[in-house]
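This briefing is written to be read alongside the sequence and the coordinates.

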Amino acid sequence: MRPSASTGHRDTALVLGGGNALGAYHAGAYEVLHARGIRAGWVVGASMGAVTAAIIVGNAPEDRVPKLRQFWQEAMLHTGPSVTGLLKPRQIYNGMHALLTLLWGRPGIFRHRYPGLWSALPWVPNDNAMFDNAPLLKTLERLVDFDRLNGGDTRLTVACVDVTTGEEVYFDTACETVRPEHILASTAILPAFPPVEIDGRMLCDIGYTNNLPLDPVFANEPERDLLCIALDLFSLQAPRPGSLDAVLERANDLIFASAARRAVAGLTREYGLRQQLNPDGPTATLLHLAYQAGADQLSAKSFDFSPSSIRDRWDDGSRDMMRGADWLAGDMPTGQRFVYSSP
């Protein structure tokens, strides 16, 4: 990795979690990083975070934000006028768009497959997924220059999990060629999308086990100071649920957000020991931002591609990253080898 001009003489890594339609949050946050001149030398992505990472790494710096805008503009499900202001109408609006996505799919991302869900019936042949995400391959080939992705000065790591063993699998441009199929495997959340076979292994989305894959960045002690910016699409913090849908949303968030909490707790313990052994060693700073869904978002929010929700998530990512960038530009704590902030 190379140091970022705006973050001093330290390496900068960007970790992007998964969340399907919630991924517009990543794009808004990255737009602020780009505007502030914060350049990551290493980008790690899972699921939709892997798609975002591929678009970032696989394009020239001046083309990255326009390509992210193009991806989300094409992903939007355009219907009637956007609904804003009133909570209940907005919830209905969002819910209808999520339902339409499940009924029609999203061109360029996924489509229905046969027999798919019908395979649950006893007289229908077996299948292992409800949708087919193969259309994403052509979208990646249009929006990503894979020669640049594999030969540029920014490192990319794509996170997956082995379906049969449960082992986490990482594809890294530092040691191998990353192809569109690797990104597809990272987005294959079971049972929505089918696992992808690569080199004899059946791979799928890492979301259920490690949706915010910090492990590659912190696997080894850094040689010099490290800044890691981690963007999570699910939050552990939320109001008390007051409806069945809110309970379902809370359960979904807890599943996908809990691994990050355990990872941060482990890093705190690890660097506490390093502090005792070598107080003057390289420091690690972790800025952890999480998308906080509004009251209008439902349990099916990951399939809500409505224009209003996509724009709101983009704006939320921008707002949170501006706050995070301001924190980075301020006075950092001294004398600590591990600094964690979740503003």
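A residue is called buried here if its relative accessible area is under 20%, exposed if it is over 50%, and partly exposed in between. By that scale Asp-127, at 23% relative accessibility, counts as partly exposed. The model is a predicted one, and every value below is computed from it.

**Overall dimensions and packing**

- The secondary structure of the protein is made up of eleven helices and eleven strands, and 53% of the 343 residues count as buried.
- The radius of gyration is 20 Å, which agrees with the value near 20 Å that a compact globule of 343 residues would have.
- Along the principal axes, the C-alpha trace spans about 65 × 50 × 40 Å.
- When contacts between residues at least 6 apart in sequence are considered, 73% of them join residues that are at least 24 apart.
- The protein exposes about 15,300 Å², and carbon and sulfur atoms supply 56% of that area.

- Six of the six residues of strand S1 (residues 11–16) are buried, so the strand is largely enclosed by the rest of the structure.
- The cover extends to both faces of S1, with Asp-11, Ala-13 and Val-15 buried on one side and Thr-12, Leu-14 and Leu-16 buried on the other.
- S1 runs parallel to strand S9 (residues 226–232), to which it is joined by six bridges, and within this pairing Asp-11 stands opposite Leu-226.
- S1 also runs parallel to strand S2 (residues 42–46), here through four bridges, and Leu-16 has Gly-45 of S2 as its bridge partner.

**Salt bridges**

- Asp-296 and Arg-90 meet through their side chains in a salt bridge, with an N to O distance of 3.7 Å. This pair links distant parts of the chain, since Asp-296 lies in the loop between strand S10 (284–290) and helix H11 (307–329) while Arg-90 belongs to helix H4 (residues 87–104), 206 residues apart.
- Asp-296 is buried, with a relative accessible area of 16%, and Arg-90 likewise counts as buried, at 6% relative accessibility.
- Arg-113 forms a salt bridge with Asp-127, in which the closest N and O atoms are 2.8 Å apart. Both residues lie in the loop between strand S3 (111–112) and strand S4 (131–132), so the pair ties together parts that are 14 residues apart in sequence.
- Arg-113 counts as partly exposed, at 25% relative accessibility, and Asp-127 counts as partly exposed at 23%.
- The side chains of Asp-253 and Lys-301 meet in a salt bridge with an N to O distance of 3.0 Å. Asp-253 sits in helix H10 (residues 244–277) and Lys-301 in the loop between S10 and H11, so that this pair links distant parts of the chain, 48 residues apart.
- Asp-253 and Lys-301 are both buried, and they belong to a network of salt bridges that also links Glu-249 and Arg-250.

Notes:
Residues numbered from 1 in each chain as written. Predicted model: local features only at pLDDT ≥ 70, side-chain atom pairs only at ≥ 80, totals over all residues. Heavy atoms only, no water. Salt bridge = Lys/Arg side-chain N within 4 Å of Asp/Glu carboxyl O. Helix = DSSP H or I, 4+ residues; strand = E, 2+ residues; numbered from the N terminus. Buried < 20%, exposed > 50% of the residue type's maximum accessible area, 1.4 Å probe, protein only. Pairing = 2+ DSSP bridges. Rg over C-alpha atoms; globule rule 2.2 N^0.38 Å. Contact = heavy atoms within 4.5 Å. Areas by Shrake-Rupley, 256 points an atom, 1.4 Å probe, with all protein chains shown as cover.
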